[in-house]
Each structure stands twice: as structure tokens, then as C-alpha cells.
Amino acid sequence: MRVIVVGAGFGGIGTAIELHRHGFTDVTVLEVASGLGGTWLYNTYPGAACDVPSHLYSFSYAQRRNWTRLCSPQEEILRYLHEVASYYHVDRCVVPNSKVVCCAWDDRACVWTVRTEDGASREAEAIVLATGQLNQPALPRIEGLDSFAGHSFHSARWDHDYDLRGKRVAVLGTGASAVQFVPEIATQVQRLSLFQRTGNWFLPRGNRPYPKPLRALFQRVPRVQRLRRGFMFRYMEALTATIRHPHTYGRLAALRSALFMRWQLRDPQIRRKALPDYTFGCKRVLFSSAYLPALQRDNVELVTDSIVRMDPAGPVTGDGRTHEVDCVIYGTGFKTNDFMFPMEITGVGGHSLRDAWAGGAHAHLGITVPGFPSMFILYGPNTNTSGGSIIFFLEQQIGYLRQALEHVHSNGAAALDVRADVETASDRELQSRFEGTAWTMCDSWYRNEAGRVVANWPGYMSEYRERTRTLDPTEFQLYYRADESQ
């Protein structure tokens with residue numbers, strides 16, 4: 001069975017490893033970038049790191065005991081992924097500089113044709129879309145965005161050749177990326193104007209390098225690592241509980257966050273601007289002990305007036321003020337609801353996935369979509385986590401799709417397709433579980449314009465593991481080629 005994987009981040013590399021370990025050796029991983037790594041290849045901004053502890057933000061079967069700190073920086077995570085890919089000999093499966101533009105299902109031959117931007121075409125019995133949710137930088141919809149005469153770039157495509165020292169810099173956006181790079185650049189620039197639409201809930205994150213005795217303990221006593229991973233798993237599940245139950249556990253978490261923020265923000269004026277006015281957990285909760293103090297530096301201004309347009313000199317806010325700057329950095333996140341688009345994907349009868357998702361992205365367990373046989377999505381609709389590790393979710397999804405391919409193979413079939421009634425029922429049940437949770441209590445990138453939550457899983461990591469542990473063959477129909485009988 002030929003399998004094509006699109007994307008060489010954690011999902012794509014994990015898929016190649018799992019399939020190789022179970023006898024599926026004809027695996028090709030197509031990657032648009034020059035090498036593997038996914039988000040950890042692209043996001044190289046100052047201070048880039050994961051806010052999930054590394055012993056949980058890593059494959060369960062490839063636990064590394066020499067992490068240098070609790071939450072590893074970008075370089076260390078990228079190195080880890082390279083080491084894992086090399087150890088399992090799947091780095092040779094990666095075809096870099098291969099931007100997939102089209103995946104088309106052939107009803108008669110029961111194969112997928114995958115075309116890349118360079119005109120190359122490949123066929124496979126199954127495709128795995130491992131492009132993720134946080135892969136396409138988004139720019140704000142501001143009048144005159146291209147009229148700015150200075151230098152500009154997105155944080156996910158950081159321009160390391162541009163020297164920020166002594167410059168007047170505007171940062172648009174105060175999300176997870178900005179929270180990491182703002183403290184780093186605030187000490188270099190002449191003036192930093194930080195434009196915020198809404199404040200964030202913060203929890204502390206101490207992330208100093210491990211002392212040598214502790215690193216030696218991790219190295220020599222494997223059980224310590226397992227205990228730490230288990231503890232962090234339960235801690236993250238507790239964070240999810242605060243979002244699922246905003247009026248009880250959520251209020252306690254909000255109180256803890258508010259006290260931490262008030263302790264860090266001694267300036268009452270800045271505190272009033274920075275404190276959020278929405279339910280704890282409705283938007284992504286951020287972990288940092290360095291960002292809020294950076295707001296109180298003499299050369300930093302937190303601007304909460306909305307930007308009405310961009311002039312050649314810089315952003316113009318609603319109060320009529322022009323903020324003259326030399327450089328604009330867009331910390332405005334990603335096109336999270338686009339998933340693998342603008343890639344064109346057509347399934348049975350030439351039906352477009354874009355049309356199937358016109359009302360919002362949906363998939364059974366976030367993995368399979370009716371009418372698209374043997375197409376599997378990783379980090380797909382409703383599989384993001386507000387309190388957990390996406391690597392954990394990816395492992396469950398990869399194990400599930402491997403079982404699906406084994407089911408196809410053992411039955412001598414060509415492909416399998418999730419039943420439409422199964423997917424409709426599971427989606428209805430999933431969406432109903434958001435009622436009363438913090439996720440529905442404000443607008444966020446978790447939701448589309450109609451208010452449907454398209455990004456997040458409504459439950460716990462442990463629950464997702466149970467639902468994907470064993471493939472239920474009755475939820476699928478098998479496809480056979482025209483010259484084969486059932």
C-alpha cells in the first residue's frame with residue numbers, strides 16, 4: 001500500500017514511524033519547506049519555545065532524558081525531531097521543497113493522485129494530511145497595510161537579517177508568539193509600541209535551565225521522567241477542567257491568574273489595559289513570567305486603541321494618533337480555520353472538500369471525512385487542545401489511521417470511508433458538549449465566523465485516547481476496485 005503524507009512536522013514524522021513499524025514501508029512525506037520540522041522549522045523568532053513541558057510535548061516512545069529545561073526552546077525541539085526521524089530511518093522518506101496543490105480521488109482506480117507545484121504527480125492508495133492548524137501566517141485586515149514605508153515581517157517568518165537595535169518598532173498582536181518575543185526585543189529597541197485588541201489570562205512559567213544534579217537524575221533514573229510525564233498529564237487535564245467548568249473550577253483558576261497578574265503589574269494604568277474582560281479559558285491561556293514585566297519598561301507602550309489604517313509612517317489608531325515606527329512585526333497568528341487549504345482536495349464523484357466544509361470544518365474524531373476514502377487528517381477539526389499536548393493527540397490519531405489501513409489490507413480492499421451517518425452523529429454530539437463551557441463565551445480563533453467551534457476538542461486527553469484506541473470497523477464502508485469483488 002502506497003501512502004503519501006503531506007507535511008513533515010511532528011504529525012508527518014510520527015505517521016512515517018508508525019507505518020514503518022507496522023510493515024507499511026512505501027511512505028512518502030511531501031514537505032513544502034526545505035526540511036522537516038513543521039512549525040519548529042518556521043518559528044525562529046527570539047524566545048521561541050513550547051509552553052508545554054518537553055517530557056509531555058514529545059513522543060511517548062521516544063522520551064528524551066536530556067532536555068535542558070522544562071519547556072524547551074525552538075532549536076532543541078527541532079533537533080529532537082531530527083534525531084527521532086534519523087533514529088527510525090524515516091528522514092529519508094521526506095521530499096523537501098514539495099508544495100502540494102491538489103489531491104484527487106479516482107473512483108474507478110481507487111487511488112489518490114497528488115500533484116505538487118513543480119508539476120510532479122504521485123499516486124497512492126491513502127493520503128495523510130499533516131499540515132496542522134498553525135501553519136499559515138495571517139495578516140490583519142487593516143486599510144492600507146501595504147502602504148507602510150518601513151520594514152515589516154510576520155513573527156512566523158522572522159527576518160533575522162534586520163537589526164532591531166535602536167529602532168522604533170510596532171508589534172501588532174499580543175498572542176502566544178508575541179508573549180515570547182516581546183520580552184526579548186524590548187531590551188534592544190529604542191521604542192516598542194505594542195498593539196493589543198484584547199488582554200490575556202496568564203499563568204506563571206519558570207523556565208530556567210535545569211541544574212546539573214537534576215539533569216543527572218533525569219539521565220540515570222528513567223522512572224523520574226515517567227513520573228514527571230504522568231504528573232504533567234494530570235495537571236493539563238485539570239486545566240481542561242477549568243475550561244469545561246467555567247463557573248466552578250474556572251473561577252478558581254481565574255482568581256489564581258488575576259492574583260499573579262496583579263502581582264506582576266504594579267502600574268495600575270497598565271494593569272487596567274492588560275487585564276482581560278472575558279471568561280478564563282475562552283481564549284488561549286498563556287504561560288509567561290517575563291511578558292507582563294516587559295510592559296512596564298520605560299521604552300514600551302501598550303496601546304489598546306484600535307488601528308484604523310496603516311500610513312507610510314506607521315499605524316494610525318482611532319484617536320487620530322499616528323505611531324511613527326521603523327518596523328512593524330505582525331504577531332497576528334495563523335489562518336487556523338483554513339487547515340490544509342488553499343490545497344484543492346476532491347473526493348468521490350469529484351466532490352470538493354471545500355464545499356463539504358462550507359459551514360465549518362468537521363471530521364469524525366477529527367480524522368476522517370465522508371466521501372474522501374482513505375484520507376486521514378492529523379491535527380484536524382476539533383482536535384486542538386487548550387490544556388494538553390498536541391503530540392499526545394497526534395499519537396492517538398496516528399495509531400487510529402494505522403488500524404484503518406490494516407483493516408483495508410486484511411480485507412483485501414482498496415480503501416475505506418467513514419459512513420456519513422456516523423460522522424454526522426459524532427459531530428452533533430461533539431458540538432453539543434461545548435454548551436456551557438468557556439470556549440463559547442467569547443470570540444476566538446477556536447471558532448469560525450458563524451460561532452461554531454472548529455478547532456478544539458471539547459473533552460480531555462484521556463477521553464480522546466479511549467475514543468481512538470480501537471478502530472470500529474462498523475463505522476466504515478470498504479471500497480473495492482472495479483476488477484475486484486467483495
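Visitor: Which residues in α4 are buried?
Guide: This is a predicted model: local features need pLDDT of at least 70, side-chain atom pairs count only at pLDDT 80 or more, and totals for chains, interfaces and linings use all residues. Residues are numbered from 1 along each chain as its sequence is written, and side-chain values use heavy atoms, without hydrogens or water. Buried means under 20% relative accessible area, exposed over 50%, and partly exposed in between (1.4 Å probe, protein chains only). In α4 the buried residues are S177, A178, V179, Q180, F181, V182, P183 and I185.

Visitor: How many of the 10 residues of α4 are buried?
Guide: Helices (H or I, at least four residues) and strands (E, at least two) are DSSP runs, numbered from the N terminus. Helix α4 is mostly covered. Of its 10 residues, the buried ones number eight.

Visitor: What is the strand order in the open sheet of five strands?
Guide: Two strands pair if DSSP finds at least two bridges between them. Here the pairing is parallel. The order is β8-β16-β9-β10-β13.

Visitor: Why is one side of β8 and of β13 left without a neighbour in the sheet?
Guide: Strands β8 (151-154) and β13 (300-303) stand at the edges. One side of each has no neighbour in the sheet, because each has a single partner strand.

Visitor: What angle does the direction of α4 make with that of β9?
Guide: Axes are lines fitted to C-alpha atoms, for helices over the stretch in contact, and angles run from 0 to 180 degrees between N-to-C directions. Helix α4 (176-185) packs on the sheet, touching β9, β10 and β16. Its direction and that of β9 make about 170°.

Visitor: Which residue in β13 is the bridge partner of F195?
Guide: Strand β10 spans residues 191-195 and pairs with β13 over four bridges. These two run in the parallel sense. The partner of F195 is V303.

Visitor: Which element gives the most to the lining of the second largest cavity?
Guide: The lining is D51, A176, V179, Q180, L286 and F287. Both α4 and β12 supply at least two residues. With three residues, the top supplier is α4.

Visitor: Which element gives the largest share of the lining of the second largest pocket?
Guide: This pocket holds about 340 Å³ of space. Of its 17 lining residues, the closest to its centre are G47, E184, R205, N207 and A290. The largest share, four residues, comes from α4.

Visitor: Does S374 count as buried or exposed?
Guide: S374 lies in the loop between α10 and β18. Its contacts include W112, E125 and V408. Its relative accessibility is 2%, so S374 counts as buried.

Technical notes. Contact = heavy atoms within 4.5 Å. 1 Å grid on protein atoms, 1.4 Å probe; cavity = no way out; pocket = protein on both sides within 12 Å on 5 of 7 lines; lining within 4 Å. Points joined across faces, edges and corners; volume = space filled by probe spheres on them. Lists of a residue's contacts leave out its neighbours within four places in sequence.
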